[in-house]
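I opened my notebook to get to know a new structure, one step at a time. Here is what I looked up, in the order I went.

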Amino acid sequence: NIDEIFPELEFIDSEFIVKDLRIDSVCFNNQTNSFTIIEYKNIKTVGVIDQGMAYLDSLENNKAEFQMLYYKKKGKILENVNLNASKLIIISPEFTTHQLLASHATNDPIELYQIRRFDDGIFTVDKIPNKKK
C-alpha cells in the first residue's frame, strides 16, 4: 500500500540486504530523484532511530548497490540520483520520548509516522510533526 500512503514513492523492493543490514522497504521518489527507506515496527522498539541512521549511512556508502537494485527490479538505469534528498521513514504504533527528541535533534532526513489499527480493519498513518528549531 505504499503508493496509497505515499503517492510520490515508487516501491522497489522489501527485505533488501546491503552490508549485513536488512532494509524493510526501498522506494524511489521520481520527483526528487532520490531513494526513500521505510522501516516498519509493529511494537514500540528501542533503537529504531540509530537503526535508521545506519540505513541512511549504508545508502550513502553503497549508492551503486541501490541503483543496481532499481535496475534489476524496474529495468531502468537511474542517472543523477540526489542522495541529499533521500530520506528515512519510520512507521510504528508508538515512539519513545527519546526517539522523538532524537529525530528532531539530528540533521538526518528522518520522518516518523504513527500507525493505528482499528478492529474493523481500518488503519491510519499520521506524520509526527518535526519540531526542529
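**Entry 1: the end of the sheet.** I started at R117 and found that it stands opposite F123 in β6. This is a predicted model, so I kept an eye on confidence as I went along. Strand β6 covers residues 123–127, and β5 pairs with β6 in the antiparallel sense over 5 bridges.

Entry 2: Next I asked in which sense β4 and β5 pair. I found the parallel sense, over 5 bridges. One place to look at is S92, which stands opposite Q114 in β5.

**Entry 3: a residue in the helix.** I picked Q99, whose place is in helix α4. Is Q99 buried or exposed? Buried is under 20% relative accessible area, and Q99 counts as buried because its relative accessibility is 5%. I then listed what Q99 touches, leaving aside its neighbours within four places in sequence: T45, V46, G47, V48, I49 and L112.

**Entry 4: the core.** I moved on to the largest nonpolar core and counted 23 residues in it. Which of them touch the most other members? My list reads I23, V26, F35, F66 and I90. At least two residues of this core come from each of β1 (9–18), β2 (21–29), β3 (34–40), α2 (48–61), α3 (63–74), β4 (87–92) and β5 (110–117). The largest share, 5 residues, comes from α2. Apart from this core lies another one, of 9 residues, and I marked I2, I38, Y113 and I115 among them. A reminder to myself: in soluble globular proteins, nonpolar side chains tend to be buried together.

**Entry 5: a closer look at F66.** Not counting residues up to four places away in sequence, F66 touches F16, V18, I23, V26, F35, I37, S58 and L59.

**Entry 6: confidence.** Last, I checked pLDDT. The mean for the protein is 89, and 98% of its residues reach 70 or more. Among the elements, α3 has the highest mean pLDDT, 96, while α4 has the lowest, 84.

Conventions. Residues numbered from 1 in each chain as written. Predicted model: local features only at pLDDT ≥ 70, side-chain atom pairs only at ≥ 80, totals over all residues. Heavy atoms only, no water. Core = buried A, V, L, I, M, F, W, Y, C linked by side-chain atoms within 4.5 Å. Buried < 20%, exposed > 50% of the residue type's maximum accessible area, 1.4 Å probe, protein only. Helix = DSSP H or I, 4+ residues; strand = E, 2+ residues; numbered from the N terminus. Contact = heavy atoms within 4.5 Å. Pairing = 2+ DSSP bridges. pLDDT = per-residue confidence, 0-100.
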